[in-house]
Amino acid sequence: MKLFIKLLRDIKQSIGQFIAFVLVIAVGAFFYAGLVTLSDNLSAYSKVYFKEHNLSDLNVYYSRISKQDVAGLSEIEGIDKIEGRYTFDATQAFEDTKASLKIHSIPENNQINTPTVIEGSLPSRKDEILLDSHYAKEHQYQVGDRTIINVNDRNVTFTVSGLGENVEYAKKNETQDHKSSGFAYVAEAGIPRIAGGFYYNEILIDAEEGFQIDQLGQTIEAQSKKLAYVDQISKERTFNYSQLQQTIYNNRLMSRVIPLLLFIIEAIILFLTMSRMIDSQRNQVGIMKALGIKNRNIMLHYMGYPVLVGIAGSILGCVIAANVFIPFVKASNARSYSLPDITFSLSLFSVIPPILFSSAFGILACYLSSIAILRERAAQAMRPKPTKKMKKLLIEQLPGIWNRIPYSYKLILRNIFLNKQKALASSVGVVVSTVLLITAFGTQTSLQKVADQIEEVYTYDIRVDYTSGTIPGALKLPAGIISSYDLSVFPVEFIKGDENENATLVVTEKENNLIAFFDENDNRVALEDNGVLVPKSYADKYKIAEGDIIQIKFAGLEFANKTVNMRVLEITNQYSNPSFYGTKTYLESLGIDYNPTSLLVEAGSVANLASVRHFFEQDERVDTIADNNDLKESAQYILRQNSFLFIMFIISAVVLSFGAIYTISSINIYERNRELATLKVLGYPKHKINRLIFFENIILTAFAVLVALPVSGYMYDLVVEALSSSHQQIPDRLSPLVMLIAVILAFGLTIFSNLLLRRKVTKINMIESLKSIE
């Protein structure tokens, strides 16, 4: 009990140091609890959600297929369930905007892609419709309202029977824009109203457990030769599923990488500090041994400090995560996905790993630090360590220089070189914290660069996508257009040995200057007719170099899964939505027909842009129109969705850095109590003593920063590698400005710590400190 009271007294005497430790542990616990909750809850929910609502494994598209033909396809081996439906596009015009709707028919006994009804009921009559609940909220639709949609330039009236969500639209588009796009479902009885007869143009496949989807797709394609087969897409290739899985993958990586990085840093700081703390209390250890206290109890006494710190810090971190991180996760997830009734709750067990991890390192530090002292006899431990003999410094052997150095700086240099190990230990803490600062700022800057590149790459004013899947041959463009270029997007598979991965090939005209390309050094590059531009994300993963030959397989019946060899023209930086780029001349040289599906337009002025947009909006063959505002919104969306996490990472890096610098500086003062008391007795002014400590810490910080700069580059590369994938490239170069900001902040934290420790120097008791040896 007395040892516990002593422990509390030690904490009280250095309450600032204890609080700094608690904050250091709290940072790691905060990120661990928040990221693990996000990753685990989203992953667990999506698995259950996809299974309960039976997300289709394969969507097959036809121009026209009868109910009898669908029944015939159901006999194919590997199909568990099959449903036919009619899918069509519609538009709605409002006062300030035009919205597009993707509408599907829904059978009476719906078993695949079953909707979640938020309000009302499923449509049962031919004039009823189930609306996307988010879309309905944007446009103030309620159950029972009548709505008019435009289909093939014909107005059709429906009554809203219900509002809902669907598993196939957990992610609708890049920015999850509910105002300009939505989805809806109508009863099968309503198909003749739209199509002029009863037939399907899409079938949904639920495959048997464990059956190969690629094999099943090939079988369906082969048996559909006599039918009006168009295309097919597996669950993994759909935008909805792939985006959610990529998010889960990235979150899982971050939930491992970031907390692990923070815990390692905390462990280093805790290890260094506990070692220094026990070494500075060797005379107290000797007194406890002299009083008959067992070595085991003395060791447990010191081990209590990191355990208390670990418990307090972990609880504080988890409480902050529950009140800050989790609410943000809920809001962010609601903006990013439509996942009905998903909840994010912090598990009480989340506090256990931070406690165990931080306590384990603290206990290990206590054991390694105290084992040598506990082996000494009581009288020997009570004596101070013999004064170290010091050889002359190299600079002392240069009298012309040494004699000109002020006495205060001589003291600083002598103290640093007399206690090389302590100075090195102090520097390690600052090195680690500086590396973390540089990594945090670098990652945030990279995120900004990802968003900025969207506007740098796409310089067109309008992108027009056509409903028919190809640009009409007799297309007359309005006045006010400076330039226009067509393009087509092909879903392909990239093949490397035994590996293959879904990818996108964008084909356009060689002269197209409305899309900019940048090489690995951010220099502009141009399309050529003798190869393709390969995104760096794929090049890094599959070790692709300029001049290599890569294999690309074109999916779809019209291409008969044709595989072609393509020459790598250049490796390009594509931070968002990386794609392979080629020209129509190169594509045709490989024996593949080029049918443009979209048009990029550059207008002469704002007035011209308005008239040009109006022209395309009146064209019934146009499916969607996107402009620069959509690009900017996409860039801002990326920032909004990720900035909180990295801002918190920067704040945490600052807290960790301050904790490391403050605790190490505090122990330095404690260890030098006698030396500082001697200077006070000799009449040294307080401001000179403070300046002595201040400059010593600045020198150590400067040394640490020099070491941290090359280390931070390696650490940043590890973080980038962990967060990158073939579908997401993160800039892998640190900006000198970022490093400068981090260095300035490291020195700023050192100065701030010194200001807080001035009071500690003032409170040094000269008599007690000078009599401590006796």
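A crossing of two helices is called left-handed if the near helix is turned anticlockwise from the far one by less than a right angle, and right-handed if the turn is clockwise. In this predicted model, helix α8 passes helix α9 in a right-handed crossing.

Two packed helices are described by the angle between their axes and the distance between the axes. For α8 and α9, the angle is about 140° and the axes are 10 Å apart. The residues that form the contact are listed below.

| Helix | Residue range | Residues in the contact |
|---|---|---|
| α8 | residues 282–290 | Gln-284, Val-285, Met-288, Lys-289 |
| α9 | residues 295–336 | Asn-295, Ile-298, His-301, Tyr-302 |

UniProt, in an unreviewed entry, places the feature "domain: ABC3 transporter permease C-terminal" at residues 257–375 and 647–765. Over residues 257–375, the chain is 82% helix and 0% strand. The end C-alpha atoms of this stretch are 40 Å apart.

The largest nonpolar core of the model comprises 102 residues. Those with the most contacts inside it are Phe-31, Leu-262, Tyr-305, Phe-325, Leu-339, Leu-436 and Phe-649. Helix α2, residues 15–52, gives the most to this core, with 16 residues. A second, separate core has 39 residues, including Leu-73, Ala-136, Tyr-141 and Val-160.

Apart from neighbours within four places in sequence, Leu-262 is in contact with Val-27, Gly-28, Phe-31, Leu-436, Phe-649 and Leu-656.

Key:
Residues numbered from 1 in each chain as written. Predicted model: local features only at pLDDT ≥ 70, side-chain atom pairs only at ≥ 80, totals over all residues. Heavy atoms only, no water. Core = buried A, V, L, I, M, F, W, Y, C linked by side-chain atoms within 4.5 Å. Buried < 20%, exposed > 50% of the residue type's maximum accessible area, 1.4 Å probe, protein only. Helix = DSSP H or I, 4+ residues; strand = E, 2+ residues; numbered from the N terminus. Contact = heavy atoms within 4.5 Å. UniProt positions renumbered as here; feature names shortened; annotations may be inferred. Axes fitted to C-alpha atoms, helices over the stretch in contact; angles between N-to-C directions.
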